[in-house]
Amino acid sequence: MIELIPAIDLIEGKCVRLTQGDYDTKKVYNEDPLEVAKMFEDHGIQRLHVVDLDGARAGHIINYRVLERLATRTGLVIDFGGGLKQDEDLRVAFESGAQMVTGGSVAVKNPEVFFSWINTFGSEKIILGADAKDRKIAVSGWEETTGTDLFTFIEEYVEQGITKVISTDISRDGMLQGPAVELYQEMHEAFPELYIIASGGVSSIEDIEKLEAANIPGVIFGKAIYEGRIQLKDLERFI
């Protein structure tokens, strides 16, 4: 059974979504992210993916107070990402209630720091963020594409002990045109031991079914819920 992981993206403490990581496309869906999180929890959801978009842009954690509210006032297991660059950011995230953190840019730009996090906290708590455009890794809130190959990047971290990866196909993120199922299938075949969480493009229940049929362990989705393409009650059969 595929794990359902709705996303709450934060700008100025509000629940927003972007299209393809472009901050100019910001759309506010709810002023109160806690209201959204409780709605997910009421329908049996157990996980939550929280992204600090202000933090991703600034290069350090910003929306930790919101994280604290979500963690203390729901029972959701939260993984938190966006702007985690230094040990201090990680300390704040964990102290604010995150059970897991996702590191993307730091894994590209400061691999030694990311390696130390894996060694210190263990692979259960540290998730690799492998976001890509045309199979090349993108960082810094996706405002910067590197020349690093997606599969080479993942392989390096699998060798370092990473067991969970969130991979977003940026070209599909927020487009509601379906996820890159073939890409995730290829990833699953290349790294069968990896807990792969697909992200980007989910537009319908059928998209989730396709990922489940491809044996992808987890899926992140956001805009499809906020735009009414997926009804929360329809997700209950996956839980």
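How many bridges join E4 to strand E5 (residues 77-81)? Five of them do, and the two strands run parallel. Before going further, note that this is a predicted model, where local features need pLDDT of at least 70, side-chain atom pairs count only at pLDDT 80 or more, and totals for chains, interfaces and linings use all residues. Residues are numbered from 1 along each chain as its sequence is written, and side-chain values use heavy atoms, with hydrogens and water left out.

**Strand E4 and its neighbours**
- Strands (E, at least two residues) and helices (H or I, at least four) are DSSP runs, numbered from the N terminus.
- Two strands pair if DSSP finds at least two bridges between them.
- E4 also pairs with E1, in the parallel sense, over four bridges.
- Val51 in E4 stands opposite Asp9, and its bridge partner in E5 is Gly81.

**How covered E4 is**
- Six of the six residues in E4 (47-52) are buried, meaning under 20% relative accessible area, while exposed means over 50% and partly exposed is in between (1.4 Å probe, protein chains only).
- In a regular strand, side chains alternate between the two faces of the sheet.
- Here Arg47, His49 and Val51 point one way, Leu48, Val50 and Asp52 point the other way, and all are buried.

**Two loop residues with positive phi**
- Glu12 sits in the loop between strands E1 (3-11) and E2 (14-19), and its phi is near 50 degrees, a positive value in a residue other than glycine.
- Glu12 counts as exposed because its relative accessibility is 59%.
- Asn215, in the loop between helix H9 (205-213) and strand E13 (218-221), has a positive phi near 65 degrees.
- Asn215 has 52% relative accessibility, so it counts as exposed.
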